[in-house]
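Hello,

Here is the structure I promised to pass on. Please open it first, then read my notes below.

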Amino acid sequence: MITSAQMRAARALLGIDQKALAQMAGLSLPTIQRMELSQGQVRGVVDSLVKVVAALDVAGIELIGERAASSGGGRGVRFKAEAAA
């Protein structure tokens, strides 16, 4: 679903700290800290993971999965393309 590296990279793109992400996702700061300490795939309660992914989506972040179409391959994050008018 999301890796700890993707969480950190998404926060960096948004210019926010862990506390801000916790507020955006409606989670506690220690929960975000534990998630980011995971090795590889973030471990945690599925509901919490969904909240983080949804908060990043609302903020305009797209998570790139392991086998998703991307010129560089691998996982990553990027800003979502703005919707066409």
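Helix H2 (residues 18–25) packs against H3 at an angle of about 110°, and their axes lie 8 Å apart. H2 is therefore roughly perpendicular to H3. The crossing of H2 past H3 is right-handed. On the H2 side, the contact is made by Gln18, Lys19, Leu21 and Ala22. On the H3 side, Leu29, Ile32, Gln33 and Glu36 make the contact. By class, the contact of H2 with H3 has four nonpolar, two polar and two charged residues. Bear in mind that this is a predicted model.

Now for Glu36. Glu36 sits in helix H3, which covers residues 29–37. Is Glu36 buried or exposed? Glu36 counts as buried because its relative accessibility is 6%, under the 20% cut-off. Its side chain makes a polar contact of 2.7 Å with the side chain of Arg11. Beyond its neighbours within four places in sequence, Glu36 touches Ser4, Met7, Arg8, Arg11, Gln18 and Leu21.

Next, Arg43. Arg43 lies in the loop between H3 and helix H4 (46–58). Arg43 is exposed, at 59% relative accessible area. Which backbone oxygen does the side chain of Arg43 reach? The side chain of Arg43 reaches that of Gln39, at 3.2 Å. With neighbours within four places in sequence set aside, Arg43 is in contact with Met35 and Ser38. Arg43 and Met1 are 42 residues apart in sequence. In space, C-alpha to C-alpha, Arg43 and Met1 are 9.8 Å apart.

Best wishes

Note on methods:
Residues numbered from 1 in each chain as written. Predicted model: local features only at pLDDT ≥ 70, side-chain atom pairs only at ≥ 80, totals over all residues. Heavy atoms only, no water. Helix = DSSP H or I, 4+ residues; strand = E, 2+ residues; numbered from the N terminus. Buried < 20%, exposed > 50% of the residue type's maximum accessible area, 1.4 Å probe, protein only. Polar contact = N/O pair within 3.5 Å; in protein donor to acceptor, adjacent residues only side chain to side chain. Contact = heavy atoms within 4.5 Å. Axes fitted to C-alpha atoms, helices over the stretch in contact; angles between N-to-C directions. Parallel < 35°, antiparallel > 145°, perpendicular 65-115°, else oblique. Left-handed = near helix turned anticlockwise from the far one by under 90°. Nonpolar A, V, L, I, M, F, W, Y, C, P; charged D, E, K, R; others polar.
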